[in-house]
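The sequence and the structure are shown first.

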Amino acid sequence: MATVSSVTVGKLAPLLRPTRTTCSSFSISKMGFHFKPIGNTVTESVVPTRKFVVRAARTLSQGPSLGFRPPQFQLPEPLTGNVWNLDDFETYPALLVMFICNHCPFVKHLKKDIVKLTNFYMKKGLAVVAISSNSVATHPQDGPQFMAEEAKLFNYPFPYLYDESQDVARDFGAVCTPEFFLFKKDGRRPFELVYHGQFDDSRPSNNVPVNGRDLSLAIDCVLSGQLVPSVQKPSVGCSIKWHPETNV
């Protein structure tokens, strides 16, 4: 089984043509993501203008180590009323679990491209599920009614599940939105975590184009039977909004 080295990852940036050493840069470019080295980006030197900067408390993903097996869950999908559990994805070779929400600026920044990426890879055999675990006591806009509206508005191709108790987020070790957990399955063996990192280097107001490079590379590696690079940048986002403590 071939290993995708950190050197190969560095060469992926331009994505000008497919090569034998990558995990299928061709498929990513077909999807519409174009990776360009930041150093080659042309910027204009003009009189500074006022910028509107999105400010939000940043939290970095941490939690489980690679090889971690996903915990069982049983969660409702507000849009359809269906209840989903881990066993529903057992027949797939790979599973992407995303912790997202409605209100977070970091999620909003990537939302359309998350839909684009998941649409592309679900056609190639990837299973995808999104989970919102935020407390509606502090953020009612993340409640199930608004989740259903969000899923319909953006035409989510994946189920968007509501973790009211927040137990699933705790079981996964999730701490921020967005947070990505990519699992692979070898034959009859259980799913194992192979990627727990960022979507790409883009952040709200950092002027780096969204390209999905990091997550796309990991998915390509899994679906092509190659090893996912072990050096992974953590996802950055808003902290999960835990239920307020109550004094009895």
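Which residue in E6 does Ile131 stand opposite? Ile131 stands opposite Leu161 in E6.

The model is predicted: local features need pLDDT of at least 70 and side-chain atom pairs pLDDT 80 or more, while totals for chains, interfaces and linings use all residues. Residues are numbered from 1 along each chain as its sequence is written, and side-chain values use heavy atoms, without hydrogens and water.

Strands and helices are DSSP runs, of at least two residues (E) and at least four (H or I) respectively, numbered from the N terminus. Strands pair if DSSP finds at least two bridges between them.

| Partner of E5 | Bridges | Residues opposite |
|---|---|---|
| E4 (residues 94-99) | 6 | Phe99 and Ile131 |
| E6 (residues 160-162) | 3 | Leu161 and Ile131 |

**Aromatic pairs.** The structure holds 12 aromatic pairs (ring centres of Phe, Tyr or the six-membered ring of Trp within 6.5 Å; planes under 30 degrees apart are stacked, over 60 edge-to-face, the rest tilted). Phe68 and Phe183 form a tilted pair, with 6.4 Å between centres and 40 degrees between planes. Ring pairs link Phe68, Phe99, Phe172, Phe181 and Phe183 into a cluster. Phe183 is buried, at 0% relative accessible area.

Methods:
Buried means under 20% relative accessible area, exposed over 50%, partly exposed in between (1.4 Å probe, protein chains only).
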